[in-house]
Amino acid sequence: YVRKISDEIMSLANSGVKGTALRNRFSSLLSRYVNLRTIANFALGPYQKKLPPGDRNKFYTLFSNYAAALFVYYVDDFKGSDLQIISTSKQGRFITIVSAIKQKGGGREQVRWRLVPAGGGYKISDINVKGVWLTIATKKRFSDVLNRSKGDFGALFSELRKAERW
């Protein structure tokens, strides 16, 4: 399962597509394989309950674009020729897979995947690149923005829109 996803990611990274077109393709890929709503809700931390119901869909759309923009920003880390599965372990309901992308220049980029059962298969609930878990990094960033703005979601939405220009 992870090999299939990583093949799609590497194919996109190696495709030569850039900018908005690449972000849109990553967004489509992420929506198929990643539990983005769960990650988005986790990233809000204690502010999750304060998100106005009328702004939820806007937030999820902005978060999806933000996550795709992160993949575009780090696209060079996903350029590779193969994925090596190093280990698989079960931790409660999670399955953690440690892998390494064999990069074309000869190096390796370690990627950790956290999967959860979903709909008779699995969904990615978190991914770790360069030693940073997506959920933890986004939670910190979002908390910082919301704390500075005294809980103003407009400030968070503005921050998320910045990803469109990366």
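Arg114 lies over the face of Phe94, at 5.2 Å from the ring centre. The charged end of Arg93 also sits over the ring of Phe94, 5.2 Å from its centre. A charge sits over a ring if NZ of Lys or CZ of Arg is within 6 Å of the ring centre and within 35 degrees of the ring normal.

The model is predicted: local features need pLDDT of at least 70, side-chain atom pairs count only at pLDDT 80 or more, and totals for chains, interfaces and linings use all residues. Residues are numbered from 1 along each chain as its sequence is written, and side-chain values use heavy atoms, with hydrogens and water left out.

**Helix packing**

Two packed helices are described by the angle between their axes and the distance between the axes. Axes are lines fitted to C-alpha atoms, for helices over the stretch in contact, and angles run from 0 to 180 degrees between N-to-C directions. Helices (H or I, at least four residues) and strands (E, at least two) are DSSP runs, numbered from the N terminus.

Helix H1 (residues 2-14) and helix H2 (residues 19-33) have axes that come within 11 Å and cross at roughly 175°. That makes H1 roughly antiparallel to H2. Angles under 35 degrees count as roughly parallel, over 145 as roughly antiparallel, 65 to 115 as roughly perpendicular and the rest as oblique. On the H1 side the contact is made by Lys4, Ile5, Glu8, Ile9 and Leu12, and on the H2 side by Leu22, Arg25, Phe26, Leu29, Arg32 and Tyr33. Contact means heavy atoms within 4.5 Å. The residues of this contact of H1 with H2 divide into seven nonpolar, no polar and four charged. In this division Ala, Val, Leu, Ile, Met, Phe, Trp, Tyr, Cys and Pro count as nonpolar, Asp, Glu, Lys and Arg as charged, and the others, Gly among them, as polar.

The axes of helix H3 (residues 36-44) and H4 come within 10 Å and cross at roughly 100°. H3 and H4 are therefore roughly perpendicular to each other. Leu36, Arg37, Ile39, Ala40, Asn41 and Leu44 in H3 meet Asn57, Phe59, Tyr60, Phe63, Ser64 and Ala67 in H4. The contact of H3 with H4 divides into eight nonpolar residues, three polar and one charged.

Ile5 lies in helix H1 and is buried, with a relative accessible area of 1%. Buried means under 20% relative accessible area, exposed over 50%, partly exposed in between (1.4 Å probe, protein chains only). Leaving aside neighbours within four places in sequence, Ile5 is in contact with Tyr33, Trp113 and Ile124. Ile5 and Ala21 are 16 residues apart in sequence and 19 Å apart in space, C-alpha to C-alpha.

Asn41 has its place in helix H3. At 15% relative accessibility, Asn41 counts as buried. Not counting residues up to four places away in sequence, Asn41 touches Gln48 and Tyr60.

**Aromatic pairs**

A pair of aromatic rings is described by the distance of the centres and the angle of the planes. The structure holds 13 aromatic pairs. Rings of Phe, Tyr and Trp (its six-membered ring) pair if their centres lie within 6.5 Å; planes under 30 degrees apart count as stacked, over 60 as edge-to-face and the rest as tilted. One of the pairs is formed by Phe59 and Phe142, edge-to-face at 6.3 Å centre to centre and 75° between the planes. Phe59 lies in helix H4 (residues 56-73) and Phe142 in helix H5 (residues 134-148), so the pair ties together parts that are 83 residues apart in sequence. Phe59 and Phe142 are both buried. One aromatic cluster is formed by Phe59, Tyr60, Phe63, Tyr66, Phe142, Phe153 and Phe157.

**Loop residues**

Most residues other than glycine have a negative phi, and most peptide bonds are trans. Lys130 has a phi near 60°, a positive value in a residue other than glycine. Lys150 has a positive phi of about 55° although it is not a glycine.

| Residue | Loop between |
|---|---|
| Lys130 | strand S4 (121-129) and strand S5 (132-133) |
| Lys150 | H5 and helix H6 (153-162) |
| Gly107 | strand S2 (94-102) and strand S3 (108-118) |

Lys130 counts as partly exposed at 49% relative accessibility, and Lys150 is exposed, with a relative accessible area of 77%. Gly107 counts as partly exposed at 31% relative accessibility. Leaving aside neighbours within four places in sequence, Gly107 is in contact with Ile101 and Lys102. The C-alpha atoms of Gly107 and Gly80, 27 residues apart along the chain, are separated by 9.2 Å.
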